[in-house]
Amino acid sequence: MPDQSNLAAILLTLKLASVVTVLLLLIGTAIAWWLTQTRSRLKTVVEAVVALPIVLPPTVIGFYLLIAMGPNGPVGKLTTALGLGTLPFTFTGLVIASIIYSLPFVVQPIQNAFSAIESRLIEAAATLRARPWDRFTSIVLPLARPGFITAAVLGFAHTVGEFGVVLMVGGNIPGQTRVVSIQLYDHVEALEYGQAHELALVLIGFSFVTLLILYSFNRRILSLNP
């Protein structure tokens, strides 16, 4: 029978990854579409900001998010004034930190999918007086489906594997912010190697299955579009 603390950490992690993935798909779609369509000079700046989590150490991101969402930070002052309290060491704070940390893994696949769509298809729909929203939902979204699937898989998997950001922003509160990576660290720190093995094997299995699905899907797409 699995350890109850491990099971609680796994369920919390799945909840966090699910919420973050849904929100990232909404936010990432808007950003990716703007990056694909804009001719603004700010495009390069926005792309660099979105990609920052790829190169920055997670603890750096977590530290500045902790400061920003703390009682003296701009976000913390706003949430306190709204009666929401501060966000660090809460599930909501964990969601916000995870969204920022996993953003490039969702935006970039969707942006690449949007960029691959031939503009003549959208222009043809425009000549038939299709509204922008109709063109987006009936042409762009279906053609970009592979990018969305890749983005969802990567965003979910990346959120599951987070450590530095969630530790800095969420801390280690059982049932609220103690996700799988934190639980694994706790087991190792307490020399509970048996339980650590149990969690580590779950993460290895999840990572392998995720990559297997992603590579199989990409191979299928390539075979359908030689």
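I take a polar contact to be a pair of N or O atoms within 3.5 Å, where, within protein, one atom must be able to donate a hydrogen and the other to accept it, and where residues adjacent in sequence count only if both atoms are side-chain atoms. I am working on a predicted model, in which local features need pLDDT of at least 70 and side-chain atom pairs count only at pLDDT 80 or more, while totals for chains, interfaces and linings use all residues. I number residues from 1 along each chain as its sequence is written, and my side-chain values use heavy atoms, with hydrogens and water left out.

**Entry 1: two threonines**

I started with T29, which is found in helix α1; helices here are DSSP runs of H or I with at least four residues, strands are E runs of at least two, and both are numbered from the N terminus. The side chain of T29 reaches the backbone oxygen of L25 at 2.5 Å. I call a residue buried under 20% relative accessible area, exposed over 50% and partly exposed in between, using a 1.4 Å probe and protein chains only. T29 has a relative accessible area of 14%, and therefore I list T29 as buried. Leaving aside neighbours within four places in sequence, I find T29 in contact (heavy atoms within 4.5 Å) with L24, I110, F114, F136 and F148.

I then looked up T210, whose place is in helix α11, and whose side chain reaches the backbone oxygen of F206 at 2.8 Å. T210 is buried because its relative accessible area is 11%. With neighbours within four places in sequence left aside, T210 is in contact with V153 and A157.

I followed V153 next, which lies in helix α8 and which, under the exclusion of neighbours within four places, touches T210 and L214. I also noted that V153 and P174 are 21 residues apart in sequence, with 26 Å between their C-alpha atoms.

**Entry 2: the largest nonpolar core**

Which residues touch the most other members of the largest nonpolar core? I define such a core as a set of buried Ala, Val, Leu, Ile, Met, Phe, Trp, Tyr and Cys residues joined through side-chain atoms within 4.5 Å. Among its 25 residues, I110, F114 and V179 are the ones I was looking for. At least two residues of this core come from each of α1 (4-37), α5, α7 (132-143) and α8 (145-160), and the largest share, 9 residues, is supplied by α5. As background, I note that nonpolar side chains tend to be buried together in soluble globular proteins. For I110, once neighbours within four places in sequence are left aside, I list contacts with L25, G28, T29, A32, G147, F148 and A151.

**Entry 3: a nonpolar patch on the surface**

I build patches from residues with over 30% relative accessible area and no salt bridge, joining like charges within 9 Å and nonpolar side chains (Val, Leu, Ile, Met, Phe, Trp, Tyr) within 5 Å. One nonpolar patch has about 1,100 Å² of accessible area together and includes W34, L42, I54, F63 and Y64; such areas come from the Shrake-Rupley method with a 1.4 Å probe, and for residues only the protein chains shown count as cover. The elements that give two or more residues to this patch are α2 (43-55) and α3 (58-69), and α2 gives the most, with 5 residues. I54 is found in helix α2, and I count I54 as partly exposed because its relative accessible area is 44%.

**Entry 4: salt bridges**

R178 pairs with D186, their closest N and O atoms being 3.5 Å apart; R178 is partly exposed at 21%, whereas D186 is buried at 19%.

I looked up F89, which is not a glycine but has a positive phi of about 65°, in the loop between α4 (74-81) and α5 (91-115). F89 has 40% relative accessibility and so counts as partly exposed. L191, also not a glycine, has a positive phi of about 60° and lies in the loop between α10 (180-189) and α11 (193-224). L191 counts as exposed because its relative accessibility is 59%.

Conventions. Salt bridge = Lys/Arg side-chain N within 4 Å of Asp/Glu carboxyl O.
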